[in-house]
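Subject: Structure handover

Dear colleague,

I am passing on the structure below, and my notes on what was found in it follow.

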Amino acid sequence: SEMCIRDCINLSDKVYMITGANAGIGREITTYLASKNATVYMVCRSPDRSKAVLDKIISETNNNKVHLLLGDCGLEKDIRRLWDEFVAHRRQVSAKDNIRLDALVCNAGALLNEKTISSEGVEVTFATHLLFGTYLLGSLALPTLSTTQDSSRIIHICYYLLAVLTTVTLTCLHHPQDLSSSRLVACTTRSSRHGRMPPPQV
């Protein structure tokens, strides 16, 4: 039965990375995977809030293979640093030459009412939701995902209603000054789905 299959799942040999893992869908995914004895890396921005959630998940699931990677998914430097930290930790704890990552869940997002530019000069919602939080992190993870046995994957969780944006085109990527955060993210998300964004330099 479905109940039996769900209860019998054992993910003890699997490794996952979840962004935005301290609240909402990210937290629920992390808790479920931890309850199935998976190794889970929580990517979170707030040290105090995420540490409290980490401790609670470990306590609830009795799984000490849940780890915290601190960083802002809207900043390129943070994404590159936390990926390096993940690789270093996996090499430290794994006896195998090739590190493992079974799935990357890109869940982190930010939706601001006003256009906000990050310290790196990129619009915050666009940077967090797509450019760095999904596109760059996914590109960095892809070689590891590719060498992981079984069915590794990248999962992108999108919260935005794209269907209402019937007039937004790729020109918004070159002239974003008149767009709100939500319209800019929707534009770039739709563009990436159709494969029309160039790969980042990794």
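**Strand β4 and its surroundings**

Four bridges join β4 to strand β5 (residues 153–156), and the two run parallel; strands are DSSP E runs of at least two residues and helices are H or I runs of at least four, numbered from the N terminus, and two strands pair if DSSP finds at least two bridges between them. Within this pairing, Val 105 stands opposite Ile 155 in β5. Between β4 and β5 the chain passes through α5, and this β-α-β crossover is right-handed, which means that, with the strands pointing away from the viewer, the path from the first strand over the helix to the second runs clockwise.

This is a predicted model, in which local features need pLDDT of at least 70 and side-chain atom pairs count only at pLDDT 80 or more, while totals for chains, interfaces and linings use all residues. Residues are numbered from 1 along each chain as its sequence is written, and side-chain values use heavy atoms, with hydrogens and water left out.

On its other pairing, β4 is joined to β1 by three bridges, again in parallel, and Tyr 16 has Ala 103 in β4 as its bridge partner. Both faces of β4 are covered, since Ala 103 and Val 105 on one side and Leu 104 and Cys 106 on the other are all buried (under 20% relative accessible area, 1.4 Å probe, protein chains only; exposed is over 50%, partly exposed in between).

Met 17 touches, among others, Trp 83, Phe 86 and Leu 137, leaving aside residues up to four places away in sequence, where contact means heavy atoms within 4.5 Å.

Best regards
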